[in-house]
Amino acid sequence: QVQLVESGGDSVRAGGSLRLSCVASGYTANNKCMGWFRQAPGKEHEWVASSYALTTGGGTVYADSVSGRFTISRDNAKDTMYLQMNKLKPEDTAMYYCAAREVGSCYLARNEYEYKYWGQGTQVTVSS
């Protein structure tokens, strides 16, 4: 059974940093596309970033709203994905979800329906 478990969410002041983690089990994460989404109250899931599997180049892609501030990375030995979030803004406040596909490529995979597996989410709150 595939499980994705996020952690690291917290409440911070604007300009601060957080690092989210997502641990995968029951799943060979290192050869699959994985990504982060977020959902603010009353809004739909918003794609944040994705990490291609090493087998497909290991590249990363980011939403414009977080590019230059957030960094997605993986520790394949630990089946863990991270999201380093710097220069946080109040508009980054949301529940953050880890998601994973059944394929290694993340090409054009910016819609929640492209991802099969999901974690339970971790809350990030940024105050001004």
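A disulfide is taken here as a pair of cysteine sulfur atoms within 2.5 Å. In this predicted model, the structure holds 2 disulfides, whose geometry is set out below.

| Disulfide | S to S distance | Torsion about the S-S bond |
|---|---|---|
| Cysteine 22 and cysteine 98 | 2.0 Å | about -60° |
| Cysteine 33 and cysteine 106 | 2.1 Å | about 120° |

The torsion of about 120° in the bridge of cysteine 33 and cysteine 106 makes that disulfide right-handed. Because cysteine 33 lies in the loop between S3 and strand S4 (34–39) and cysteine 106 in the loop between S9 and strand S10 (117–118), this pair ties together parts that are 73 residues apart in sequence; both of these cysteines are buried.

The bridge of cysteine 22 and cysteine 98, with its torsion of about -60°, is left-handed. Cysteine 22 belongs to strand S3 (residues 18–25) and cysteine 98 to strand S9 (residues 94–100), so that parts 76 residues apart in sequence are tied together. Cysteine 22 counts as buried, because its relative accessibility is 0%, and cysteine 98, also at 0%, counts as buried as well. When the bonded cysteines of the protein chain are numbered in sequence order, the pairing reads 1-3, 2-4.

A further feature is the hairpin formed by S7 and S8, which has 4 residues between the strands and, in its turn, aspartate 79 with a positive phi of about 50°. S7 pairs with strand S8 (residues 80–85) in the antiparallel sense over 6 bridges, and phenylalanine 70 stands opposite methionine 85 in S8. In a regular strand the side chains alternate between the two faces of the sheet. Strand S7 (residues 70–75) has Phe70, Ile72 and Arg74 on a covered face, whereas Thr71, Ser73 and Asp75 make up an uncovered one.

Methods. Residues numbered from 1 in each chain as written. Predicted model: local features only at pLDDT ≥ 70, side-chain atom pairs only at ≥ 80, totals over all residues. Heavy atoms only, no water. Buried < 20%, exposed > 50% of the residue type's maximum accessible area, 1.4 Å probe, protein only. Helix = DSSP H or I, 4+ residues; strand = E, 2+ residues; numbered from the N terminus. Pairing = 2+ DSSP bridges.
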